[in-house]
Amino acid sequence: MDFLEFSEKNIICFDGGTGTLLQERGLMPGEHPETWNITHPDVITDIHKAYFDAGSNVVCTNTFGANALKFSDEELENIIKNAINNAKRAAKSSAAPHEKFVALDIGPSGKLLKPLGDLDFEDAVSVFAKTVKLGVKYGADLILIETMNDSYETKAALLAAKENSALPVIVSNAYGEDGKLMTGATPEAMTAMIEGMGAFAVGANCSLGPKQLSPVVERILAVSSIPVIMKPNAGLPKSENGKTVFDVGEEEFAQETEILLKKGVRIAGGCCGTTPAYIKALKEKISKTAPVPVTKKDVTVVSSYTKAVTFGKEPLLIGERINPTGKKRFKQALVENDVSYILSEGIGQQEKGAHILDVNVGLPEIDEQKMLVCAVTELQAVVDIPLQIDTSDACAMEKALRRYNGKAMINSVNGKEESMHAVFPLVKKYGGVVVALTLDENGIPETARGRVNIAKKILETAKEYGIEKKDIVFDALALTISADARAAKTTLEAVKLIKDELHAHTVLGVSNVSFGLPNRSAVNSLFFALALGNGLSSAIINPYSAEMIKTYYSFRALAGLDENCADYINASKEFSETTFGSTDAGAKSGDAKEQESALKNAIIKGLKDKAAQYTKALLEKESALDVINTEIIPALNIVGEGFENKTVYLPQLLISAECAKSAFEVIKNAASREKSADNGIFVLATVKGDIHDIGKNIVKLLMQNYGFDVVDLGKDVPPEKIVEKTVELHAPLVGLSALMTTTVPAMEETIKQLRKSAPWCKIIVGGAVLTKEYADKIGADKYAKDAMESVRYAQEITGKQ
Ligand code: B1M
């Protein structure tokens, strides 16, 4: 029986952890466990066999970190070949009567993808592709992509698996206690993307015990139409006599997991801390549990790298402003490659309440493919709502869909055979919700019935490609009433028929209706209201238009979608304005105060070019130190607080840090013109384990500006290196920076070593988590609360001004 056949009628029992078992058998810290497939094949086979004997239907190869970033091609092939052989040998030698399969195990690459890290998305796909191809070559039965804590890397691995094999692929993510991935994705967002891309199963593993993981698993079960997997840890780790132990025993583990089997989990196993004894206990529960059928959820959902947006709960607003049609300024931005203008449009529309952003950069005089990919990648770094990729060029569409971090909305396909054959394969491969225009080779039907018939034809063809109705949203086509007096009426009828007869979702590009008329917003907003009344699911509108927003919130309040009219009251604060403000305030005004908030805003929002531009303007009126202290640091503090409160995620934190850096670049260039005479050597570093260097770089900038010769050793610097440089240069002054409670001990260790080997030097310490008391306690000579204090102290010590 093959794996898919087996999975139809059974709950599948996976294996448990291997790390602790290998350590017990002598794996040394720092040694690659994957190499044991070659050096200790019997140990690996033995562990796999113990799991098969305990009841596992599937064991995962010992290849968690087997990828081309860690191993040469030859090593990788050898590892995977042996790993699969070991697992197959174990299956043969186990006398257990149940079905047995071997899953090629793929863990994270160990690197973060751009813009968070330095691994390019396509390079990540290639890295995973090598492992997948070898897994296929040596006969794996299925693929398990596991413990992924970032949505983009998950996509890269899944794409590699789908492009290079026909094996069933199970994707399991590592969620934190907040129910999100490290980079912020919710279970709903991950399920939308993973299911959309055609995985066999989706779920969660590692990080938590079965009880703590259950809310995440239940959320996945609620939205998933494919089987759900869970592989929790044996509870939470704690240290006992220098050893890591877990706090959930076999029986409790099995009981907690059983609760979720009864709620619908179809694949279960264990992760860190679990052993064959855990799997044996789990298997007993599995044997007594009837598999819950996997049900189609029929939800239309798109996602960004963090969140899922579901159609049908309330009407959705799709921001229309990233589109050059009729917009002179936008066309100019495209021609000049002014990406930050596009980003401002995106951020502004999200702030005005758009749920999804349409992205159209089609202009004859530019390379649309390149620009669309650029706009999508840059936008998804600064906004966290889903994007609608809007292009008539199928190549551009494919390139953008590949790079999109989530399940995109795709605009558009239509009833022409040619269009469906170009677009549907992309929807099927990358996942997405596609906008289907109700027109075909014969043009736009004049009647609502004609449009519904095209919608039916589109549905039938989509089915042939394996695309379900839930992944299609029909555009009933808003045509201009100045050309055809019945146009709006026909469209409204079509919206209602598609909803009532086809039970499908709809979208309209609302403002087309008033083309050529004066006072367009009056016509647009009434048409919008009528369409909403007819059941319109989503509308492409200008979120800056007060009339449209008024209509939207009024409709929600009238339709019973707004408890206590709270959203209406909140939104009405801005109703008095004809158009809402834009995020770009500082750019238009020469006023210093406005530029101040604009700089802070640009850093918070992640607009790198703007941050540099506003800094430049501010420096003409204010000192560098003022700009740093009143703008840059407060902006980073706001982002840092958001990060702490889990309203901001690592990608946003990183983008803001990049913005602060671009502001400092400008300050540095301005400051270097003012440098004075040499005042002595200052060795500077961020301590071991800490990669925060913005504060340290300010200290460097000011010290250099005051004539000190700064030897900057960088960040994450081991104590030995700092001592070595200080001794070599006989430096009189050393500066250490640390920003995390976890890295302050490294600062203490560095001071200890400096005192021993360079007793002459004075040590200045600084960084957000330090206090004077703590600095005294760890033996520093000076605690500097900011960069200027370090300069003053250095001047005092050296007697130089
Ligand atoms: Co991170 N980070 N970060 N982060 N980050 C903090 C520090 C944090 C407080 C955020 C939070 O949770 N609220 C938190 C630490 C919690 C704690 O330990 N108490 C944190 C965390 C947890 C993390 C990660 C672990 C997140 C993760 O991966 N899950 C990770 C750490 C990785 C590592 O280091 N191993 C991480 C990563 C990052 C980014 C890469 C995204 C980015 C850093 C980019 C970079 O530096 N190149 C980043 C950022 C930007 C921050 C915040 C938001 C801002 C830090 C900053 O640059 N502030 C920060 C929250 C916050 O502080 N509000 C946060 C502005 C800077 C000018 O201030 O460095 O304090 P500061 O410097 C001041 C003074 O302290 C003094 O002068 C400067 C002013 O003039 N000073 C000195 C500093 N050093 C001095 C040395 C001196 C004298 C004065 O003499 C030598």
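Ring pairs join F3, F6, F101 and F200 into a cluster. Rings of Phe, Tyr and Trp (its six-membered ring) pair if their centres lie within 6.5 Å; planes under 30 degrees apart count as stacked, over 60 as edge-to-face and the rest as tilted. By this rule there are eight aromatic pairs.

This is a predicted model: local features need pLDDT of at least 70, side-chain atom pairs count only at pLDDT 80 or more, and totals for chains, interfaces and linings use all residues. Residues are numbered from 1 along each chain as its sequence is written, and side-chain values use heavy atoms, with hydrogens and water left out.

**Aromatic pairs**

- A pair of aromatic rings is described by the distance of the centres and the angle of the planes.
- F3 and F200 form an edge-to-face pair, 5.5 Å centre to centre, with 70° between the planes.
- This pair links distant parts of the chain, 197 residues apart. F3 is in helix α1 (residues 3–9), and F200 is in the loop between α8 (187–196) and β6 (201–205).
- Helices (H or I, at least four residues) and strands (E, at least two) are DSSP runs, numbered from the N terminus.
- Both F3 and F200 are buried. Buried means under 20% relative accessible area, exposed over 50%, and partly exposed in between (1.4 Å probe, protein chains only).
- F253 and Y278 also form an edge-to-face pair, 5.5 Å centre to centre, with 80° between the planes.
- F253 lies in helix α10 (residues 250–263) and Y278 in helix α11 (residues 276–288), 25 residues apart.
- F253 counts as buried because its relative accessibility is 0%. Y278 is buried too, with a relative accessible area of 8%.

**A charge over a ring**

- The charged end of R329 sits over the ring of Y341, 4.1 Å from the ring's centre.
- A charge sits over a ring if NZ of Lys or CZ of Arg is within 6 Å of the ring centre and within 35 degrees of the ring normal.

**Nonpolar cores**

- A nonpolar core is a set of buried Ala, Val, Leu, Ile, Met, Phe, Trp, Tyr and Cys residues joined through side-chain atoms within 4.5 Å.
- The largest core has 192 residues. I145 and I632 have the most contacts inside it.
- Not counting residues up to four places away in sequence, I145 touches I106, A157, L158, A161, V169, I170, V171 and S172. Contact means heavy atoms within 4.5 Å.
- A second, separate core has 25 residues, including V717, V723, A758 and I778.

**Around the ligand**

- A polar backbone atom of G689 is 3.0 Å from a nitrogen atom of the ligand.
- An oxygen atom of the ligand lies 2.8 Å from a backbone N or O atom of I691.
- An N or O atom in the side chain of D693 is 2.7 Å from a nitrogen atom of the ligand.

**F643**

- F643 lies in helix α25. F643 counts as partly exposed because its relative accessibility is 35%.
- F643 touches V648, Y649, L650 and L653, not counting residues up to four places away in sequence.
- F643 and E773 are 130 residues apart in sequence and 27 Å apart in space, C-alpha to C-alpha.

**Backbone details**

- The peptide bond from K114 to P115 is cis, with omega near 5°. P115 is in the loop between β3 (101–106) and α6 (121–137).
- Another cis peptide bond joins N411 and S412, with omega about 20°. S412 is in strand β16 (residues 409–414).
- C206 is not a glycine, yet has a positive phi of about 65°. C206 is in the loop between β6 and α9 (210–223), and counts as buried at 14% relative accessibility.
- H730 is not a glycine either, and has a positive phi of about 45°. H730 is in the loop between α28 (719–729) and β23. With a relative accessible area of 48%, H730 is partly exposed.

Note on methods: Polar contact = N/O pair within 3.5 Å; in protein donor to acceptor, adjacent residues only side chain to side chain.
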